[in-house]
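Please look through the sequence and the structure shown here, and then follow the explanation below.

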Amino acid sequence: MKADNLILNEFSDHAFNLKSHLIEFFSMKESDLDGFLANAKMNLANLHPANALSDVSDFYSDIVGDRHIADLAAWHISSKDYIADTLKLQQIFSKDLVLDFGGGIGTHALANAMSSKVEHVFFVDINETNRNFVEYRASELGVEKKLTFCRTIEDTKISKFNTIVCLDVLEHLADPVSQIEIFNEFMDFDSTALFNWYFYKGEKNEYPFHIEDKQVVEKFFKKLQQIFLEVFHPILITTRAYKKVR
Ligand SMILES: C[S@@+](CC[C@H](N)C(=O)[O-])C[C@H]1O[C@@H](n2cnc3c(N)ncnc32)[C@H](O)[C@@H]1O
């Protein structure tokens, strides 16, 4: 287990060895890594089946393959300060049993697994390559005993989590309203959920896979305010902390 500041330093210095994990996991030449990362965002956007909501799950489970890993890795490396702030936020709230829903390349799940306040992390992601990549990273970093990898929340066999982390995922789901209702069912009154969202496809449709339908977004905010109460935190980021409304 590591102290909070050490975890943050290890993320700032090398994103928990992300580059070497990419090279080893994908058996890639070191000289090919920069190209793999540089083209990631465009490749992912070009793959998307033009805004068809019904295709969203298939897109993340079957179509993206390793391209989403490249996209997320490029983002976590280029936006280190922003990601580090989300890790600081986790350090305020994370404890005991943690669910990381849509955990991507594992930055948040791995940081939580390194924390002495966290008993176990359940990494849930619809994409098998992501799950395998983060499982590999966890064993390289020596925290594999504190992580379980699942495709769905039900697969975790846990009925209540003390902390739920769902960052940059809600805008990717066909039904974000139902998803926050599901999270609510998996929380006790002293649990905390950390959520953010970006319901916007971008100025030039850079994020064709994001939901921005006004009705869906309005329904989302109504439901959010009905079932959750915001908990103040001092970090200047868009991610919000919530507890269940009594
Ligand atoms: C933009 S990434 C965010 C990753 C990570 N939370 C982060 O902040 O870097 C969205 C993630 O959600 C996952 N995902 C999409 N739909 C999902 C679903 N229905 N259930 C679980 N994971 C899902 C994708 O595979 C992807 O890893």
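What percentage of the 246 residues in the protein chain is buried? Buried residues make up 36% of them, where buried is said of a residue with 20 or more other C-beta atoms, placed from the backbone, within 10 Å of its own. This is a predicted model, in which local features need pLDDT of at least 70 and side-chain atom pairs count only at pLDDT 80 or more, while totals for chains, interfaces and linings use all residues. Residues are numbered from 1 along each chain as its sequence is written.

The protein chain holds eleven helices and seven strands, taken as DSSP runs (H or I over at least four residues for helices, E over at least two for strands) and numbered from the N terminus. Its C-alpha trace spans about 55 × 45 × 35 Å along the principal axes.

Beyond its neighbours within four places in sequence, Ala 113 is in contact (C-beta atoms, placed from the backbone, within 7 Å) with Val 118, Val 121, Ala 138, Val 143, Lys 146 and Leu 147.

Around the ligand there are 18 residues, of which Tyr 60, Gly 102, Gly 104, Ile 126 and Asn 127 come nearest, a residue being near if its C-beta atom, placed from the backbone, lies within 6 Å. Helix H5 (56–63) and helix H6 (67–78) are the elements that give two or more residues to this shell.

Technical notes: A residue is buried if 20 or more other C-beta atoms lie within 10 Å of its own, exposed if 12 or fewer, and partly exposed in between; C-beta atoms are placed from the backbone. Two residues are in contact if their C-beta atoms, placed from the backbone, lie within 7 Å.
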